[in-house]
Amino acid sequence: MIKKQKTAWVPVVYWKAITENDRAFDDQFFYGVQTTGIFCRPSCKSRLPNKENVRIFKNAFIALEQGYRPCKRCKPDGLKLPAEEWSQHIKEWLDTHYTENVTLDILADIFHGSPYHLQRSFKKSTGLSPLSYLQQKRLEKAAQDLLATNRPVADIGESVGFANPSYFITLFKKKAGQTPAQFRKGVNYSEPKRTND
Ligand SMILES: [Zn+2]
């Protein structure tokens, strides 16, 4: 895991190099993005990160030592992130961002790979496509909330990332074999009656 650090100072020239993908700065420094745990060359064409999440490294070795992984797109220092580890990063990210509007393109952008390659690697190491994993995560969280709270079904669906309540109910029924309301009722069973036999 990446060690959380206080907001670090990013020199103005370095930030400029990052925003302009300036090749002249490649090999002068690398930058890591705290939220994804990936580090890049300044020239990388990946999505521009929030400045406060950026950490500057003098070389790739320091970045690796601090738990950052090389970007698949710009391949700093010719290092490659094993698919397994890459998928693990994506999974951890999905585990905390499942309530957001996530698409394969967004994931590919954040995790610096082609959508096709990302999907294939993720599926190979987890057995699920990223979006199936996301859906499963949302349904699991919804099931927990159905049991732990009295919040309306539509509210719960929305809070885990299903904007459309009827889609949520249909999907839940398809996967769990009962509607969210039935699922919630089903567990409020009374103690089995004792019989004298
Ligand atoms: Zn990169």
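1. From the N terminus on, the protein chain runs α-β-β-β-α-β-α-α-α-α-α-α-α, which amounts to 9 helices and 4 strands. Helices (H or I, at least four residues) and strands (E, at least two) are DSSP runs, numbered from the N terminus. This is a predicted model, in which local features need pLDDT of at least 70 and side-chain atom pairs count only at pLDDT 80 or more, while totals for chains, interfaces and linings use all residues. Residues are numbered from 1 along each chain as its sequence is written.

2. The 4 strands form an open sheet of mixed pairing, in the order β3-β1-β2-β4; two strands pair if DSSP finds at least two bridges between them. β3 (54-57) and β4 (69-70) stand at the edges with a single partner strand each, so one side of each has no neighbour in the sheet. Strand β1 (residues 30-33) pairs with β3 in the antiparallel sense over 4 bridges, and Val33 has Val54 of β3 as its bridge partner.

3. Buried residues (20 or more other C-beta atoms within 10 Å of their own, C-beta atoms being placed from the backbone; exposed is 12 or fewer, partly exposed in between) make up 28% of the 197 residues in the protein chain. A nonpolar core is a set of buried Ala, Val, Leu, Ile, Met, Phe, Trp, Tyr and Cys residues joined through C-beta atoms within 7 Å. The largest has 14 residues, of which Phe30, Tyr31, Ile38, Phe39, Cys40 and Cys71 touch the most other members. Two or more residues of this core come from each of α1 (12-19), β1 and β2 (38-40). Another core, of 11 residues, lies apart from it and includes Trp86, Ala108, Phe111 and Phe122.

4. Helix α3 (residues 83-97) packs against helix α5 (residues 115-126) at an angle of about 95°, their axes being 9 Å apart. Axes are lines fitted to C-alpha atoms, for helices over the stretch in contact, and angles run from 0 to 180 degrees between N-to-C directions. The two helices are therefore roughly perpendicular (65 to 115 degrees). On the α3 side, the contact (C-beta atoms, placed from the backbone, within 7 Å) involves Ala83, Glu84, Trp86, Ser87, Ile90 and Lys91, and on the α5 side Ser121, Phe122, Lys124, Ser125 and Thr126.

5. Although not a glycine, Asn21 has a positive phi of about 50°. Most residues other than glycine have a negative phi. Asn21 is partly exposed, with 17 other C-beta atoms within 10 Å.

Key
Angles under 35 degrees count as roughly parallel, over 145 as roughly antiparallel, 65 to 115 as roughly perpendicular and the rest as oblique. Two residues are in contact if their C-beta atoms, placed from the backbone, lie within 7 Å.
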